[in-house]
Amino acid sequence: MKTDKRALIVGGNRFPFHRFERMGPLLEDALAPAGIEAELTTDRDALTDLDGYDVLVDYTTDSTLTDEQREGLLSFVDAGNGYAGVHSASDLTTVDGENRDEPAPELRELIGGHFITHPSQGAFDVNVVYSHHPVSADLEDFRVWDEPYVLECDDDLTVLARMDHPEIEDMPVSWVKEYGDGRVFYCSLGHDRPAITADGTRALLRNGVRWAADSSAGD
């Protein structure tokens with residue numbers, strides 16, 4: 001596919017299990033077949049000026065943002081661009097390496113849900129539960145080895161896929177929503193290489209990020 005969309009993928013290297021130097025290129029590779037040219041960065045000041053990008057892909061684990069960084073991100077999506085949160089992007093209670101009692105409210109509103117906890121990594125099924133959406137229309141159920149997230153989610157999300165897990169049973173894995181004039185896609189999968197490189201995860205990320213990048217195209 002011709003490259004016609006630009007993404008900025010933001011991550012960090014503080015947490016060894018989500019090291020961006022290892023995971024960032026895997027995300028970039030997953031998006032390339034969807035015609036998305038990605039730039040990788042760990043510099044959160046990049047959020048203050050997102051001109052030239054169609055979508056922001058968030059693989060951060062610590063939700064610490066300055067006022068300027070947060071406003072840059074929110075205004076970018078509100079104005080009609082895309083946001084795609086991957087796995088740890090929903091960890092909205094970790095700030096400066098410590099935990100806060102409540103999720104960062106502005107980011108919680110943007111994403112539509114947040115991370116609570118997780119059991120041990122293991123294999124579980126991911127079931128597509130809503131196929132009447134561009135992100136999920138061509139997806140099939142799949143099995144993945146990953147860190148299963150327990151999430152608290154808003155009631156008005158369009159949930160695309162859910163997990164069937166022996167400990168936490170039925171839990172959303174991926175959803176979409178609108179934010180202002182922009183589009184939001186979230187996927188809780190992607191803790192490490194086995195999850196990111198799974199065919200099912202790659203297809204979900206590829207479709208979801210592309211959809212978010214196409215904010216001005218309509219459904």
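Guide: Start with a definition. On a 1 Å grid over the protein atoms alone, a cavity is a set of points where a 1.4 Å probe fits but cannot get out; a pocket is an open set with protein on both sides within 12 Å along at least five of seven lines. Lining residues have an atom within 4 Å of a point. Points are joined across faces, edges and corners, and volume is the space filled by probe spheres set on them. This is a predicted model: local features need pLDDT of at least 70, side-chain atom pairs pLDDT 80 or more, while totals for chains, interfaces and linings use all residues. Residues are numbered from 1 along each chain, and side-chain values use heavy atoms, without hydrogens and water.

Visitor: How many cavities of 30 Å³ or more does a search of the whole structure find?

Guide: Two. The largest cavity has a volume of about 140 Å³. Among its 19 lining residues, D58, T60, L65, L73 and L107 are closest to the centre.

Visitor: What makes residues of this lining nonpolar, polar or charged?

Guide: Ala, Val, Leu, Ile, Met, Phe, Trp, Tyr, Cys and Pro count as nonpolar, Asp, Glu, Lys and Arg as charged, and the others, Gly among them, as polar. The largest cavity's lining has eleven nonpolar, four polar and four charged residues.

Visitor: What is the volume of the second largest cavity?

Guide: About 30 Å³. Its lining includes V128, E140 and L204.

Visitor: Which residues lie nearest the centre of the largest pocket?

Guide: D91, T94, F115, H118 and Y149, from a lining of 15 residues. This pocket holds about 210 Å³ of space.
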